[in-house]
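Have the sequence and the 3D view at hand as you read.

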Amino acid sequence: MFQIGKTIVSEEIIENDFVCNLNACKGQCCIDGEAGAPVADNETEIMVDIYSKVKPYLRSEGVIEIEKQGAFIKGEDGEWETPLVNGSECAYVIFDDKKIAKCGIEEAYNDGVIDWKKPVSCHLYPVRVKEYTELTAVNYHKWEICDPACAFGDELKVPIYKFVKESLIRKFGEAWYAELEEVAKEHIRK
């Protein structure tokens, strides 16, 4: 672990490679699990505000659950998260013609309908961020459904921190990311 400002960062995001391989995994991270995607406190109002614009992109099952449960819910851990369909898949999930799971929010963003990409937790994946009183932990979440992404990242030689560069900058800023790059250069030299 190393510290950048008020964050404690795992070396695993430097040492491990990762590039999503949706043709292999079919976006399984959006449809498996026991909880919805984490939603930050400052994102809850955004989720409510964009819903009417995102709704046309969503599957009827997702719309039903969002309208029943809300645009976001309080999870068992007491944190905000996206609602689920059938206790498994994110209510915002849509499927393309190859049955690959995609984010309805991100599709609306890609079409220019909204100016917010998706919850930062989804954008950061496989990096997970946990806020504590004094510090924020930045860790790699290893999940076997992402083994194809690890293999693809290894093949392309793309470390996790480079794969999620845009989202790390979104979360922590340009200066933080520049410092992370310097730490990574030093770490690799060792």
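A word used throughout is buried, which means under 20% relative accessible area, while exposed means over 50% and partly exposed covers what is in between (1.4 Å probe, protein chains only). This is a predicted model, in which local features need pLDDT of at least 70 and side-chain atom pairs count only at pLDDT 80 or more, whereas totals for chains, interfaces and linings use all residues. Residues are numbered from 1 along each chain as its sequence is written, and side-chain values use heavy atoms, with hydrogens and water left out.

Let's begin with the charged pairs. Side chains of opposite charge can pair when their charged atoms come close. Here a salt bridge is a side-chain nitrogen of Lys or Arg within 4 Å of a carboxyl oxygen of Asp or Glu, and the structure holds twelve of them.

One of these salt bridges joins Glu89 to Arg59, with N and O 2.8 Å apart. Glu89 sits in strand S6 (residues 89-90) and Arg59 in the loop between helix H3 (44-54) and helix H4 (60-69), so the pair ties together parts that are 30 residues apart in sequence. Helices (H or I, at least four residues) and strands (E, at least two) are DSSP runs, numbered from the N terminus. Glu89 is buried at 16% relative accessible area, and Arg59 is buried too, at 15%.

Now look within helix H4, where Glu65 and Lys68 lie three residues apart, about one turn of the helix. Their salt bridge has its closest N and O atoms 3.4 Å apart.

Next comes the salt bridge between Lys117 and Glu106, whose closest N and O atoms are 3.9 Å apart. Lys117 belongs to the loop between helix H5 (104-110) and helix H6 (120-124) and Glu106 to helix H5, so this pair ties together parts that are eleven residues apart in sequence. Both are buried, Lys117 at 17% and Glu106 at 18%. The pair is also part of a network, in which salt bridges that share partners join Glu106, Lys117, Lys118 and Glu166.

On the surface, Glu34, Asp41, Glu76, Asp77 and Glu79 form a patch of negative charge. Such a patch is made of residues with over 30% relative accessible area and no salt bridge, like charges being joined within 9 Å. Glu79 is found in the loop between strand S3 (73-74) and strand S4 (80-81), and at 43% relative accessibility it is partly exposed.

What about the cysteines? A disulfide is a pair of cysteine sulfur atoms within 2.5 Å, and a search of the whole structure finds zero. For Cys103, the closest cysteine sulfur is that of Cys122, 6.1 Å away and so too far for a bond. For Cys146, it is that of Cys29, at 5.6 Å, again too far. Cys103 is buried at 16% relative accessible area, and Cys146 is buried at 8%.

Finish at helix H9 (residues 165-172), whose buried residues are Ser167, Leu168, Ile169 and Phe172. Gly173 follows H9, and its phi is positive, near 100 degrees.

Methods
Patch = residues over 30% accessible without salt bridge, like charges linked within 9 Å, V, L, I, M, F, W, Y side chains within 5 Å. Areas by Shrake-Rupley, 256 points an atom, 1.4 Å probe, with all protein chains shown as cover. Lys, Arg positive; Asp, Glu negative; His and termini not counted. Charge placed at Lys NZ, Arg CZ, Asp CG, Glu CD.
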